[in-house]
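Open the model in your viewer and keep the selection tool ready. This tour goes stop by stop.

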Amino acid sequence: VTASYNPTRLFSDSFLLNNGVHYHIAHLFSLFEFALTAYLYPASKTPSLYTLVGIVLTVAGQLLRSMAMIHAHNNFSHILAYKKRTDHQLVTTGVYAWTRHPSYVGFSYWAVGTQIMLGNKLAAVGFVGTLWLFFSRRIRAEEASLVEFFGQSYVEYRKKVGTGLPFI
């Protein structure tokens with residue numbers, strides 16, 4: 001999506017390869033849990049209602065994240081900005097009218113949905129915690145810059161629209 005709608009902001013970090021050690025640990029734990037439970041309890045990997053719920057969350061999360069990237073267009077970047085670009089605009093319409101951080105919400109649904117779909121109960125809980133920790137820190141840093149960039153306009157927007165993530 002970034003390559004199609006925002007190629008000027010496409011970097012190697014856009015592919016989520018450098019999101020810190022917690023991100024890699026969560027994925028390794030997920031693979032380990034899946035392999036171990038598939039080996040010890042193969043029936044636990046039989047498709048069920050949870051599989052469908054996971055697929056729905058994964059698809060909905062990807063759609064929300066993609067819609068955020070498309071709607072924000074040149075204002076979207078995977079890398080936090082600490083200096084305002086001359087073309088940077090505050091986006092408050094479309095999916096940004098539902099949540100201040102639709103990309104983060106979408107990624108969270110997607111990531112937890114993958115674990116539910118795979119039947120990884122422990123990894124699903126771990127992903128919730130890991131994502132909350134990551135996004136709570138990132139949102140605090142990002143919003144400090146957004147207040148600096150857009151002043152009272154962002155403060156007013158923040159009063160009206162939530163983050164979309166619990167307790168952040």
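A salt bridge here is a side-chain nitrogen of Lys or Arg within 4 Å of a carboxyl oxygen of Asp or Glu. Keep in mind that this is a predicted model: local features need pLDDT of at least 70, side-chain atom pairs count only at pLDDT 80 or more, and totals for chains, interfaces and linings use all residues. Residues are numbered from 1 along each chain as its sequence is written, and side-chain values use heavy atoms, with hydrogens and water left out.

**Stop 1: D87 and R85**

The structure holds 4 salt bridges. Begin by selecting D87 and R85, which form one of them. Their closest N and O atoms are 3.1 Å apart. How accessible are the two partners? Buried means under 20% relative accessible area, exposed over 50%, and partly exposed in between (1.4 Å probe, protein chains only). D87 has 39% relative accessibility, so it counts as partly exposed. R85 is partly exposed too, with a relative accessible area of 23%.

**Stop 2: E143 and R100**

Select E143 and R100 next. They form a salt bridge whose closest N and O atoms are 2.7 Å apart. This pair links distant parts of the chain, 43 residues apart. E143 sits in helix α5, and R100 in the loop between α3 (49-72) and α4 (102-117). Helices are DSSP runs (H or I, at least four residues), and strands are too (E, at least two), numbered from the N terminus. Are E143 and R100 buried or exposed? Both are buried.

**Stop 3: K159 and E156**

Move to helix α6 (residues 152-160), which holds both K159 and E156. They lie 3 residues apart, about one turn of the helix. Their salt bridge has its closest N and O atoms 3.5 Å apart. K159 counts as exposed, at 63% relative accessibility. E156 counts as partly exposed, at 33%.

**Stop 4: α2 against α5**

Finally, select helix α2 (residues 21-40) and helix α5 (residues 121-150). Their axes come within 9 Å and cross at roughly 170°. Axes are lines fitted to C-alpha atoms, for helices over the stretch in contact, and angles run from 0 to 180 degrees between N-to-C directions. Angles under 35 degrees count as roughly parallel, over 145 as roughly antiparallel, 65 to 115 as roughly perpendicular and the rest as oblique. α2 and α5 are therefore roughly antiparallel to each other.

Which residues meet there? From α2, pick H22, A26, H27, F29, S30 and E33; they meet K121, L122, A123, F127 and T130 in α5. Contact means heavy atoms within 4.5 Å.
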